[in-house]
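Hi,

Here is the structure I said I would pass on.

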Amino acid sequence: MQPRILSGIQPSGSQHIGHLVGALDNFTHLQGQGEAFYMIADWHALTSKYESVAEVWPATLELTATYLAAGLDPQKATLFVQSLVKEHAELHLLLSMVTPLSWLERVPTYKEKLQNAVADLGSYGFLGYPLLQTADIIIYKANRVPVGEDQLFHLELAREVVRRFNFLYQREVFPEPEAVLTKTPKVPGLDGRKMSKSYGNCIYLRDSNADILEKCTRQMASDPARLRKTDPGNPDICPVFEFHKLFSDDATVELVNTECRRAGIGCFDCKKRVAEAMIRRIEPVREKIEAHLAQPQAIEAVLREGSARARAVAAETMADVRDAMRMPTL
Ligand code: TRP
Ligand code: SF4
């Protein structure tokens, strides 16, 4: 049997290189290996954007343009909008009846985000965030879910909910979904912490070449012990070297690795080379994003067709669910 693949991203801001290297490359790689569904999770975006709903649709178009620019192909994968497949909401509601509150309260991302959030996340919907994600996955009976490590707790919840549902209604309606982690190491932010919009340490896919150069040379953290150009540095603890390993060719990585240790290369020069390598990777993606965004009707057509296809699959699953739960069909 071909695997069913599902994943999604929230349209709650522009995408950065962490999305490209961490998620989108993995999505693209997997699209040929099974039946793939890639979603724009606009309802999930509402957990923080409920006061700024006008931003969500433009962000949906931008994320779709980014999916296409990164190599997702509507002929190979179904690209769709969560809110256009209302069945996700129905399944979320039914799952909410069988999911113990304590399972949601103990999800580690829940308390963490609640404490660090800018918007007030004390809502019912935010608590249910990972359960809506469960519905997103299992409504397609997906068994492979390409996600980052930060999503593993959500996948674990999905598996528990599947086991409970199948057990309660004595039917194997849903398979247990499995996370597919990317092999690429995590992209750090400019300051060495995790790359995140809320830390202001991102390189965005739509940043201009000049912005990328500026961010790399002026904001990127390097080995803090290397104060002067004549001091030897240690690439093993330097975030700049992490970027070289992700974006530079082997010869450059080798050069930095040896020259840094004997003070043969300065940090400014080293960062400039990283910027050039990143620009080589980002520039073609950016150009494609802009080209797609210039044709919003074409993006809408992709989403309209994809969402109709997704909806047909989701509706089939919901017929099984209603049957298993003895819901009337009048
Ligand atoms: N929670 C995911 C994120 O923040 C987005 C998401 C929503 C998702 N539904 C999903 C990911 C289903 C995988 C599968 O990135
Ligand atoms: Fe880091 Fe490069 Fe400076 Fe070495 S030369 S400390 S790797 S920025």
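**Helix α3 against helix α13**

Let me start with a helix contact: Leu-61, Glu-62, Ala-65, Thr-66, Leu-68 and Ala-69 in α3 meet Val-285, Lys-288, Ile-289, His-292 and Leu-293 in α13. Sorted by class, the residues where α3 touches α13 are 7 nonpolar, 2 polar and 2 charged. Before you go further, please keep in mind that this is a predicted model.

To find the two helices, look at residues 56-70 for α3 and residues 267-293 for α13. Their axes come within 8 Å and cross at roughly 130°.

Helix α13 has another partner to look at: α10, which covers residues 209-219. Here the axes are 8 Å apart and the packing angle is about 150°. Since angles over 145 degrees count as roughly antiparallel, α10 and α13 are therefore described that way, as roughly antiparallel to each other. The crossing of α10 and α13 is right-handed.

On the α10 side, the contact is made by Asn-209, Ile-212, Leu-213, Cys-216 and Thr-217. On the α13 side, the residues involved include Phe-268, Lys-271, Lys-272, Val-274 and Ala-275, and also among them are Met-278, Ile-279, Ile-282, Glu-283 and Arg-286. By class, the contact of α10 with α13 has 9 nonpolar, 2 polar and 4 charged residues.

**The strands**

Now for some strands. β1 (residues 4-9) and β2 run parallel, and 6 bridges join them. If you want a place to start, find Leu-6, which stands opposite Phe-37 in β2.

How many of the residues of β2 are buried? The count is 5 of the 6, so β2 is largely enclosed by the rest of the structure. Strand β3 (residues 77-81) is mostly covered, with 5 of its 5 residues buried. Ala-77, Leu-79 and Val-81 point one way from β3, while Thr-78 and Phe-80 point the other way, and all are buried.

Val-256 sits in helix α12, residues 250-261. Its relative accessibility is 2%, so Val-256 counts as buried. Which residues is Val-256 in contact with, once its neighbours within four places in sequence are left aside? They are Phe-241, His-244, Ile-265 and Cys-270. For a sense of distance, Val-256 and Leu-131 are 125 residues apart in sequence, and their C-alpha atoms are 46 Å apart in space.

Thr-134 is in helix α8. At 0% relative accessibility, Thr-134 counts as buried. Leaving aside neighbours within four places in sequence, Thr-134 is in contact with Leu-95, Leu-157, Ala-158 and Val-161.

**Loops to look at**

Next come a few loop residues. Lys-197 lies in the loop between β5 and α10. Is Lys-197 buried or partly exposed? With 45% relative accessibility, Lys-197 counts as partly exposed. Apart from neighbours within four places in sequence, Lys-197 is in contact with Ser-12, Gly-13, Lys-49, Cys-202 and Tyr-204. Lys-197 and Ser-14 are 183 residues apart along the chain, and their C-alpha atoms are separated by 8.7 Å.

Lys-141 has a positive phi of about 50° although it is not a glycine. You will find Lys-141 in the loop between α8 (129-138) and β4 (144-146), and it is partly exposed, with a relative accessible area of 25%.

Gln-170 is not a glycine, yet it has a positive phi of about 50°. The loop that holds Gln-170 runs between α9 (152-168) and β5 (178-180). Gln-170 is exposed, with a relative accessible area of 63%.

Best wishes

Note on methods
Residues numbered from 1 in each chain as written. Chains lettered and ligands numbered in written order. Predicted model: local features only at pLDDT ≥ 70, side-chain atom pairs only at ≥ 80, totals over all residues. Heavy atoms only, no water. Buried < 20%, exposed > 50% of the residue type's maximum accessible area, 1.4 Å probe, protein only. Helix = DSSP H or I, 4+ residues; strand = E, 2+ residues; numbered from the N terminus. Axes fitted to C-alpha atoms, helices over the stretch in contact; angles between N-to-C directions. Contact = heavy atoms within 4.5 Å. Nonpolar A, V, L, I, M, F, W, Y, C, P; charged D, E, K, R; others polar. Parallel < 35°, antiparallel > 145°, perpendicular 65-115°, else oblique. Left-handed = near helix turned anticlockwise from the far one by under 90°. Pairing = 2+ DSSP bridges.
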